[in-house]
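I opened my notebook for a friendly walk through this model. Here is what I looked up, entry by entry.

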2 protein chains.
Amino acid sequence: MSEKVRIALDTMGGDHGPPVTVAGAELALERHPGTEFIFFGNASLIAPLLDARPQLKALSRLVHTDVAVRMEDKPSQALRYGRWKSSMWLAIDAVKKGEADMALSGGNTGALMAMSKFNLRTLPGIERPAIAALWPTLRGESVVLDVGASIGADADHLVDLAVIGAATARILFGLDRPTVGLLNIGVEEVKGLEEVREAGRILREENFPHLDYRGFVEGDDIGRGKVDVVVTEGFAGNIALKAAEGTARQIGEYLRAAMTRSLSAKIGYLFARAAFRQLRERMDPRRANGGVFLGLNGIVIKSHGGSDAEGFAAAIELGHGVVRNELLDKIKAALGRPHRPRSQNTRHSGGQGAPHAVSGATS
Amino acid sequence: MSEKVRIALDTMGGDHGPPVTVAGAELALERHPGTEFIFFGNASLIAPLLDARPQLKALSRLVHTDVAVRMEDKPSQALRYGRWKSSMWLAIDAVKKGEADMALSGGNTGALMAMSKFNLRTLPGIERPAIAALWPTLRGESVVLDVGASIGADADHLVDLAVIGAATARILFGLDRPTVGLLNIGVEEVKGLEEVREAGRILREENFPHLDYRGFVEGDDIGRGKVDVVVTEGFAGNIALKAAEGTARQIGEYLRAAMTRSLSAKIGYLFARAAFRQLRERMDPRRANGGVFLGLNGIVIKSHGGSDAEGFAAAIELGHGVVRNELLDKIKAALGRPHRPRSQNTRHSGGQGAPHAVSGATS
């Protein structure tokens with residue numbers, strides 16, 4: 001891998017398009033001078049933005065395409081009109097061809113996952129990719145996955161998620177044997193979904209060398225940092241992530257209201273300004289922006305569609321960490337062990353039912 | 001209904017037992033003098049606590065039983081040894097017999113739901129009861145259900161939840177036509193689970209008179225107060241609730257740390273003390289303690305097992321509101337309309353699969 005990190009940007013992705021993605025790239029470049037960009041998208045929109053940023057322009061390449069994936073389309077529709085030629089596809093393709101170390105998009109999650117899977121393929125032994133989030137906790141950060149790549153998971157898929165998630169935590173957090181928990185409702189062994197219980201049984205019995213399985217965890221254990229890796233299927237994972245983000249935003253509003261309510265509160269705010277700034281940074285959901293697609297032959301990062309430039313920059317920085325630490329090679333190595341037999345009895349055994357394809361992915 | 005609110009307490013329920021439940025009752029009595037209590041549980045533990053609180057004792061009755069439901073037991077086990085004689089059963093039975101207006105327990109949720117269902121029975125047309133939470137939002141409060149009574153829901157059950165939830169919001173918030181959203185991942189109609197989509201179709205087509213269906217909502221829309229009623233199956237609902245509670249607690253920790261970090265922050269804190277107190281109250285997850293069991297012929301309230309006396313008092317106060325507003329009669333009236341045909345094609349149609357019984361309930 002070169003010293004530089006080369007990023008392929010779906011410049012048209014996200015609710016705000018090029019003005020935000022280009023500005024985000026500029027912010028990321030300030031923080032990480034060793035970055036090069038390939039901007040894919042409508043040149044007539046992107047070129048003026050780069051002209052206004054000569055430093056960024058000097059380290060960038062612009063590849064024009066007229067086709068952009070729409071937020072509201074199904075993955076199958078997006079694949080039909082967007083394959084080979086959309087800005088999203090071309091960004092992923094740059095990773096495939098080795099021209100970029102990672103692809104980044106704030107666009108339609110389902111389409112991004114479908115195109116990534118179609119073009120990059122999944123790693124050997126992995127059936128479905130996942131989206132991992134870095135969740136800020138009281139102890140630091142935890143890897144939470146899947147936060148929306150697909151709905152429903154059988155026991156084998158949950159075990160795959162545990163293995164990939166643990167490999168990611170090893171690399172990003174420098175841990176030898178990250179602790180892993182299965183997200184459930186109630187910590188007692190008797191509770192929860194059939195497939196979650198079965199996954200727990202497999203994880204306990206297999207006793208993987210680089211994964212310390214700690215049993216079930218509940219929604220409030222995530223922020224507590226009870227385990228390094230929280231494993232769940234994508235529907236519940238996405239709802240947990242967004243409920244937490246919503247709560248952080250809500251409390252931020254309360255805080256603003258409280259600190260402007262009276263004169264003495266305003267004076268207090270002035271004295272505690274620096275503390276508030278630090279607090280705001282820790283609470284800022286933009287800082288945790290960016291989900292890593294795991295289980296693919298290549299690195300793809302999804303930014304929130306509604307992110308501003310700051311959020312986009314955070315997603316680029318997350319990609320930096322992932323690429324510099326050679327996450328992909330290390331996940332491959334973790335998966336390279338003699339393959340465990342798939343459990344036969346849990347597949348489609350009620351509970352969450354048959355796995356859905358990426359049509360369930362979130363935006 | 002009498003002017004007084006009569007509360008049957010499973011005094012043994014919760015992680016801390018009688019010292020917390022009795023102290024919680026005392027706090028609630030201070031705030032609502034029109035309350036009477038029946039304490040069910042071990043008299044040798046409870047009587048001294050009442051002796052120390054003469055005012056509470058004067059308004060209370062103590063019914064001794066040796067049997068208490070254990071937190072770790074399955075609902076079926078709890079029913080086996082706890083039916084007819086446990087403190088939990090007796091509290092529910094007091095509601096059945098009309099001796100109390102509501103039962104309250106901080107004990108094993110699955111057992112509480114199983115006993116409530118067994119003894120009180122569900123309302124006509126309701127197959128499975130639900131647990132509703134009052135979720136603090138930027139606009140006030142929303143009803144969120146189901147937050148853990150059962151795992152998985154077909155389209156019909158989600159529609160039932162919408163109807164019961166809307167009736168609850170009408171009564172508690174005084175709204176004529178509460179807005180209702182289905183919790184999903186991604187707002188586009190193409191996304192999400194089969195049964196959630198189907199429930200959306202039914203709600204749109206039926207156009208219920210006292211329910212304004214607004215489509216899908218995401219996890220971060222709950223705290224925003226986008227709709228008055230958020231409908232989801234119990235696994236995702238429980239995880240959302242606990243993830244939000246965990247985040248509130250986490251930010252509280254950040255705030256404490258930030259405000260003691262430097263001298264000027266400490267001075268700022270002193271000036272803004274009143275504002276911080278208000279903020280703390282709004283962020284306090286104990287204030288939102290208490291889930292209402294809906295869909296039963298009687299009012300049962302579940303407190304968090306780990307609550308302190310303050311949290312227990314909040315759960316009692318929630319019950320006050322529910323009882324005084326005659327929630328049960330009004331839900332019955334809402335369900336009393338000519339019964340809509342059940343959709344045949346959605347039951348067990350993949351996705352979340354077959355509904356599980358209360359064995360999936362949370363503690």
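**Entry 1: a loop residue in chain A.** I began with Arg121(A), which sits in the loop between helix H6 (109-120) and strand E5 (130-137) of chain A. For my own record, helices (H or I, at least four residues) and strands (E, at least two) are DSSP runs, numbered from the N terminus. Arg121(A) is not a glycine, yet its phi is positive, about 65°. Is Arg121(A) buried or exposed, or partly exposed? I found 15 C-beta neighbours inside 10 Å, so Arg121(A) counts as partly exposed. The cut-offs I used are these: a residue is buried if 20 or more other C-beta atoms lie within 10 Å of its own, exposed if 12 or fewer, and partly exposed in between, with C-beta atoms placed from the backbone.

**Entry 2: ground rules.** I noted that this is a predicted model, in which local features need pLDDT of at least 70 and side-chain atom pairs count only at pLDDT 80 or more, while totals for chains, interfaces and linings use all residues. Residues are numbered from 1 along each chain as its sequence is written, and chains are lettered from A and ligands numbered from 1 in the order in which they are written.

**Entry 3: another positive phi.** Asn207(A) also is not a glycine and has a positive phi, about 50°. I located Asn207(A) in the loop between helix H8 (194-206) and strand E8 (212-217) of chain A. Asn207(A) has 9 other C-beta atoms within 10 Å, so I marked it exposed.

**Entry 4: into strand E8.** I moved on to Tyr213(A), which belongs to strand E8 of chain A. Tyr213(A) is buried because 23 other C-beta atoms lie within 10 Å. Which residues does Tyr213(A) contact, leaving aside neighbours within four places in sequence? I listed Val180(A), Leu203(A) and Arg204(A); a contact here means that the C-beta atoms of two residues, placed from the backbone, lie within 7 Å. I also checked Val227(A), 14 residues from Tyr213(A) along the chain, and the C-alpha atoms of the pair are separated by 9.0 Å.

**Entry 5: the core.** The largest nonpolar core holds 241 residues, and Met102(A), Ala162(A), Met102(B) and Ala162(B) touch the most other members. Such a core is a set of buried Ala, Val, Leu, Ile, Met, Phe, Trp, Tyr and Cys residues joined through C-beta atoms within 7 Å.

**Entry 6: chain A overall.** I counted 14 helices and 11 strands in chain A. Of its 363 residues, 60% are buried. Among contacts in chain A with a separation of 6 or more, 75% come from residues 24 or more positions apart.

**Entry 7: a helix pair.** Next I looked at helix H1 (residues 18-31) and helix H2 (residues 43-51) of chain A, whose axes come within 10 Å and cross at roughly 35°. Axes are lines fitted to C-alpha atoms, for helices over the stretch in contact, and angles run from 0 to 180 degrees between N-to-C directions. Which residues make the contact? H1(A) supplies Pro18(A), Pro19(A) and Val22(A), and H2(A) supplies Leu45(A), Ile46(A), Leu49(A) and Leu50(A).

**Entry 8: cis peptides.** I found a cis peptide bond between Leu145(A) and Asp146(A), with omega about 0°. Asp146(A) is in the loop between strand E6 (140-145) and helix H7 (155-173) of chain A. In chain B, the bond from Leu145(B) to Asp146(B) is cis, with omega near 0°.

**Entry 9: two stops in chain B.** Glu127(B) lies in the loop between helix H6 (109-120) and strand E5 (130-137) of chain B. Glu127(B) touches Thr122(B) and His157(B), not counting residues up to four places away in sequence. My last stop was Arg256(B), in helix H10 (residues 234-259) of chain B. Arg256(B) and Ser60(B) are 196 residues apart in sequence and 40 Å apart in space, C-alpha to C-alpha.
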